[in-house]
Amino acid sequence: MAPTTDTAWSAGNPGDARASLEALRAEIAKAVVGQDPAVTGLVVALLCRGHVLLEGVPGVAKTLLVRALASALDVETKRVQFTPDLMPSDVTGSLVYDTRTAEFSFQPGPVFTNLLLADEINRTPPKTQSSLLEAMEERQVTVDGTPRPLPEPFLVAATQNPVEYEGTYPLPEAQLDRFLLKLTIPLPSRQDEIDVLTRHADGFNPRDLRAAGIRPVAGPADLEAARVAVAKTHVSPEITAYVVDLCRATRESPSLTLGVSPRGATALLATARAWAWLTGRDYVTPDDVKALALPTLRHRVQLRPEAEMEGVTADSVISAILAHVPVPR
């Protein structure tokens with residue numbers, strides 16, 4: 001639905017933009033129960049112009065979460081089911097011969113949208129996975145030597161199943177590093193699951209979000225105003241050094257074969273900055289860095305096989321580093 005002249009969201013005021021983005025949680029909660037951290041992560045990614053990898057077992061509302069976000073944010077969304085036979089052109093688009101003009105014309109693929117849901121991205125071969133790399137990094141698609149810009153905003157929300165490995169193609173480290181955040185979608189608590197079933201018993205249809213009462217509460221103008229405000233959020237030299245110390249500590253950890261790259265350090269600073277602005281401050285604190293450290297860094301490190309056999313996880317290593325690296329005062 002296109003915005004009208006009497007829309008409720010802001011036209012560029014940072015304070016109104018913050019209120020509109022905070023209202024997203026309430027709207028999405030009409031469809032998705034108990035996934036506030038994931039909703040916050042998606043908003044942070046939009047503010048940072050980043051992309052999100054959603055990991056969770058089937059049936060925890062990963063797809064519904066992205067669809068609800070698109071409806072509440074009033075942007076276009078498309079979904080691609082990644083399968084072993086999917087071709088790169090099925091994602092990016094291709095040149096099609098037009099018999100009326102006797103010329104080739106470009107037919108855009110589903111990547112030309114605002115929110116692209118790449119469902120089960122690890123089920124398609126690396127050749128097709130890599131078709132997203134240029135779109136994610138350069139925000140354009142090159143076909144037959146011609147670059148074609150993608151719409152703004154643009155976010156890839158890719159999902160993968162953490163427990164089913166047969167017939168999958170794990171994402172290489174270089175591609176994982178392109179995702180700003182990796183958000184884990186847990187199973188709901190007992191009360192949340194009761195709420196889900198109660199809603200379904202009362203007639204909730206996850207395929208009809210309009211009937212669920214979800215309406216646009218923010219728009220692209222809010223995102224643009226928010227991004228300008230986030231860029232003005234103050235980062236002290238002590239916070240910058242703290243982020244660097246955390247990332248360097250991952251490179252020295254005996255449990256890891258691969259630590260966080262400078263790109264990861266830049267990502268952590270950006271997400272902490274966005275989170276600080278969302279919580280109403282114009283400066284970043286060490287707590288902001290700690291709050292975003294796990295989702296920003298967990299997919300940028302690689303465990304040693306012996307550590308993995310002992311039950312060590314990326315989250316536990318990063319948590320230990322957070323506990324030991326001195327915090328600036």
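Reader: How many cavities of 30 Å³ or more does a search of the whole structure find?

Author: This is a predicted model, where local features need pLDDT of at least 70 and side-chain atom pairs count only at pLDDT 80 or more, while totals for chains, interfaces and linings use all residues. Residues are numbered from 1 along each chain as its sequence is written, and side-chain values use heavy atoms, with hydrogens and water left out. A cavity is a set of points, on a 1 Å grid over the protein atoms alone, where a 1.4 Å probe fits but cannot get out. Of 30 Å³ or more, the search finds one cavity.

Reader: What volume does the largest cavity have?

Author: Grid points are joined across faces, edges and corners, and a volume is the space filled by probe spheres set on the points. By that rule the largest cavity has about 50 Å³.

Reader: Which element gives the largest share of the lining of the largest cavity?

Author: Lining residues have an atom within 4 Å of a point; here they are Leu21, Glu22, Arg25, Thr40, Val43 and Leu278. Helices are DSSP runs (H or I, at least four residues) and strands are too (E, at least two), numbered from the N terminus. Helix 1 (14–28) and helix 2 are the elements that give two or more residues. The largest share, three residues, comes from helix 1.

Reader: How do helix 2 and helix 11 lie to each other?

Author: Axes are lines fitted to C-alpha atoms, for helices over the stretch in contact, and angles run from 0 to 180 degrees between N-to-C directions. Helix 2 (residues 36–48) and helix 11 (residues 262–278) pack at about 110°, with axes 9 Å apart. Angles under 35 degrees count as roughly parallel, over 145 as roughly antiparallel, 65 to 115 as roughly perpendicular and the rest as oblique. So helix 2 is, to helix 11, roughly perpendicular.

Reader: Is helix 10 parallel, perpendicular or oblique to helix 11?

Author: Helix 10 (residues 237–251) and helix 11 pack at an angle of about 140°, with their axes 10 Å apart. Therefore helix 10 lies to helix 11 at an angle called oblique.

Reader: Which element gives the most to the lining of the second largest pocket?

Author: A pocket is an open set with protein on both sides within 12 Å along at least five of seven lines. The second largest pocket holds about 590 Å³ of space. Of its 29 lining residues, the closest to the centre are Gly59, Val60, Ala61, Lys62 and Leu64. With five residues, the element that gives the most is helix 8.

Reader: What is the phi of Ala61?

Author: Ala61 sits in the loop between strand 1 (52–55) and helix 3. Ala61 is not a glycine, yet its phi is positive, at about 75°.
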